[in-house]
Amino acid sequence: MKTLLSALKKAENAVILPHKSADGDAIASCIALGKLLLRWGIPYTICLEEPVRSDLAFLGGDFAVLEDRVPVPHTAIAVDCGDAARLGERLPLFEGAKVKLVIDHHVTNEGFGDVCVVDPSAAATAEIIAGLFDLAGEPFEDAASPLYTGLVTDTGGFRFSNTTPKTLRVAAQLMEAGAESGKICLAVFEENPLEKIRLEAAVMHEMTICHNGKTAVATVTEALLSETGASDEDTSHLSGLLRGIRGVETGVLLREKDGQIKISMRTSQVLDAAAFCKTFGGGGHARAAGATVEGDISVWKEEIIKRIGEAYGRHC
Ligand SMILES: [Mn+2]
């Protein structure tokens with residue numbers, strides 16, 4: 001952490017890069033880190049792969065996207081990004097920088113920068129960034145609400161098993177520093193577009209339950225998305241919803257995107273989702289992970305069901 005802190009302070013300018021399809025923790029962590037750099041007078045740009053998700057717009061923040069052709073910086077910081085591939089088309093911005101820093105909490109992160117702080121015990125990257133403020137002796141102030149948002153989104157409102165006593169202590173500190181907990185939770189959890197609910201209904205209606213009720217698998221095709229009017233970001237909670245059915249150990253959502261298939265997996269106790277997804281090039285956390293594959297969605301659905309069955313066989 002100390003090495004990271006001094007590397008950050010020495011940055012002449014910086015580009016902050018969250019993983020592609022940036023979620024609440026990724027966006028919020030970048031915003032908070034930017035506020036820290038600003039206090040030290042370091043100019044920075046947060047560069048995203050795609051425009052910020054509409055449900056995270058309440059966070060504010062200025063973002064550049066790929067098309068803005070951000071120049072290669074002195075220091076590049078990969079945030080909440082489990083491996084270099086998740087930087088997508090922005091990889092040259094990272095690779096070309098003089099100093100490459102990595103701040104992350106994904107257990108599969110093998111460290112791909114000059115200085116890497118990877119702490120899988122942290123519930124969110126925001127928890128690590130909050131530690132950075134502490135270490136630097138900087139008050140949270142305008143970073144309190146973004147950091148709190150990172151904690152809330154990656155822990156599902158402090159419900160997931162990655163929530164630790166430390167997470168709650170950091171959350172308490174952030175609230176004391178002015179984080180607007182009620183407002184944040186309302187924006188993150190309680191305001192759903194109708195299209196998202198329509199998609200949810202269709203997915204839950206069509207899902208497959210197998211392995212004696214231990215596995216729930218569903219698919220979202222491009223056709224279903226356009227039928228319901230839902231957007232890609234409206235699918236992100238569905239694997240958790242499948243996992244949340246009583247008795248279900250593993251919830252999997254497969255969805256078509258840009259000619260590929262995105263697999264998203266949630267598990268409760270038995271399967272290590274990160275290890276499972278790693279076998280076809282993905283990664284993530286023990287209870288939540290994902291992968292991207294090529295091929296036919298219904299073929300992959302059967303394949304995933306088969307492989308989960310085999311994995312249960314090894315664990316039970
Ligand atoms: Mn995260």
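Reader: What does the numbering follow, and which residues count?

Author: Residues are numbered from 1 along each chain as its sequence is written. In this predicted model local features need pLDDT of at least 70, side-chain atom pairs count only at pLDDT 80 or more, totals for chains, interfaces and linings use all residues, and side-chain values use heavy atoms, with hydrogens and water left out.

Reader: Why is helix 2 called roughly parallel to helix 4?

Author: Helix 2 (residues 24-39) and helix 4 (residues 125-136) pack at about 15°, with axes 9 Å apart. Helices (H or I, at least four residues) and strands (E, at least two) are DSSP runs, numbered from the N terminus. Axes are lines fitted to C-alpha atoms, for helices over the stretch in contact, and angles run from 0 to 180 degrees between N-to-C directions. Angles under 35 degrees count as roughly parallel, over 145 as roughly antiparallel, 65 to 115 as roughly perpendicular and the rest as oblique. Therefore helix 2 is roughly parallel to helix 4.

Reader: What makes up the contact of helix 2 with helix 4?

Author: On the helix 2 side, the residues are Asp 25, Ser 29, Ala 32, Leu 33, Leu 36 and Arg 39, and they meet Thr 125, Ala 126, Ile 129, Leu 132 and Phe 133 of helix 4. Contact means heavy atoms within 4.5 Å.

Reader: Why is helix 1 called roughly perpendicular to helix 4?

Author: The axes of helix 1 (residues 2-9) and helix 4 come within 10 Å and cross at roughly 80°. That angle makes helix 1 roughly perpendicular to helix 4. Lys 2, Leu 4, Leu 5 and Leu 8 of helix 1 meet Leu 132, Leu 135 and Ala 136 of helix 4.

Reader: Which protein atoms are the donors of the manganese ion?

Author: They are Asp 25 (OD), Asp 80 (OD), His 105 (NE2) and Asp 154 (OD), at 2.2 to 2.3 Å from the ion. Donors are N, O and S atoms within 2.8 Å of the metal (3.2 Å for Na, K and Ca); water is not among the atoms, so sites may look incomplete. Along the chain the donors have the spacing D-x54-D-x24-H-x48-D.

Reader: Why do His 105 and Asp 154 count as buried?

Author: Buried means under 20% relative accessible area, exposed over 50%, and partly exposed in between (1.4 Å probe, protein chains only). His 105 has 1% relative accessibility, so it is buried. Asp 154 has 16%, so it is buried.

Reader: What makes helix 5 largely enclosed by the rest of the structure?

Author: Of its 11 residues, 10 are buried, so helix 5 is largely enclosed. The cover over its buried residues includes helix 2, helix 4, helix 6 (165-176) and helix 7 (181-189).

Reader: How do you know whether Ile 103 is buried or exposed?

Author: Its relative accessible area is 0%, so Ile 103 is buried. Ile 103 lies in strand 5. Beyond neighbours within four places in sequence, its contacts include Leu 33, Asp 80, Ile 129 and Leu 132.

Reader: What is said of phi at His 211 and Asp 258?

Author: Most residues other than glycine have a negative phi. His 211, not a glycine, has a positive phi of about 55°, and Asp 258, also not a glycine, has one of about 50°. His 211 has a relative accessible area of 24%, so it is partly exposed. Asp 258 has 63% relative accessibility, so it counts as exposed.
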